[in-house]
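Keep the structure in view as you read.

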Amino acid sequence: MSVLLMLINMDIVTYIIIVISILLIILIAIFLAFSLKMFNLIFKINPNRNIHELTSPDKKQVLKYDKYFLNNPNFELWELKINKSTNFYAHFLKNNSHKYFVCLHGYKGTYKEVSLHAKYMYDNGFNILMIEQRAHNLSKAKYTSFGYYESFDLQKWINKIIEYDPLSKIAVFGFSMGAATCLNIASFNLPKNVKCLIADSAYSSTKEILKYSISKKFHSSIAIHFIYFSILFQCFLHKIPISKIYPKKSLKSSKLPVLLIHGTIDKIVPFYMLDENYNSINENIFKSKLILQNAYHGMGIIVSEKKYKEFLISFINKFIY
């Protein structure tokens, strides 16, 4: 009753201010809930998801796992301690040489999706380290960061290899998000043991690929910008600096040889990003690119297997022998 009397005695200006304030609080609450939901959809990886072999939309191209290779009983599970409560994992296969091929899988993927690449390099005398990136599979973490924190994880894995074998000569290979992780370390002060970087289907900027992915699902410019802004807001709150996941910027200061691989009909990471990355590399750095006609995202090794493998080993053998 007293509240009702207070409202009756209230002047119209005060009443309007209260109504607007309540509406603003409701709108802010809705925005926070929506932005968190969108952020979780993208950055939080469901540990119970069904993981299938990557397939093109027309089902004609499948990035198959090499199950025989993956079942090799000599694989060791390597552990990387991040902090007191977090350990990340990788699968190591020894090959009695000082040559190492480090593999990084893609977003919502599994280390198994780079098994064809790993098997080929193993057959060519390389030790293999297949990394499970943070928030994926055994490497538990709350969120992925699309290559930012993963690049620092990669640096620690590299140090672990060097500790294991001080004479190691390392080639780093990444696919999709793993390729962005790989290229992001190009600006790091890396040990001389790291000899070259290979990126298959790498995006040039996380901000750009995020906006591109949203625009594929929504056609309204207002919706695209609103969703994009809401995700950026949550990235800020969760300390994921996606503006620093910028492979084409990292490549500007690369001191390592770089091989970039991309399929011409990639609909997940658009083909034009190949040249954005390639053109960012300083002219005095050895760089090469392999363009695979009619290959979908990451399917180059399936569509043009002989060409892909010969180009890959030819590039790596220039720097690791």
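A salt bridge is a side-chain nitrogen of Lys or Arg within 4 Å of a carboxyl oxygen of Asp or Glu. This is a predicted model: local features need pLDDT of at least 70, side-chain atom pairs count only at pLDDT 80 or more, and totals for chains, interfaces and linings use all residues. Residues are numbered from 1 along each chain as its sequence is written, and side-chain values use heavy atoms, with hydrogens and water left out.

The structure holds 8 salt bridges. The table gives some of them.

| Pair | Closest N and O atoms |
|---|---|
| Asp153 and Arg134 | 2.8 Å |
| Lys289 and Asp275 | 2.6 Å |

Glu310 and Lys306 both lie in helix H12 (residues 305-317). Helices (H or I, at least four residues) and strands (E, at least two) are DSSP runs, numbered from the N terminus. The two residues are 4 apart, about one turn of the helix.

How exposed are they? Buried means under 20% relative accessible area, exposed over 50%, and partly exposed in between (1.4 Å probe, protein chains only). Lys306 is exposed at 60%. Glu310 is partly exposed at 41%.

Now take the salt bridge of Asp153 with Arg134. Asp153 lies in helix H5 and Arg134 in the loop between E4 and H5, so the pair ties together parts 19 residues apart in sequence. Asp153 is buried at 6%. Arg134 is buried too, at 15%.

Ala135 is buried, at 8%.
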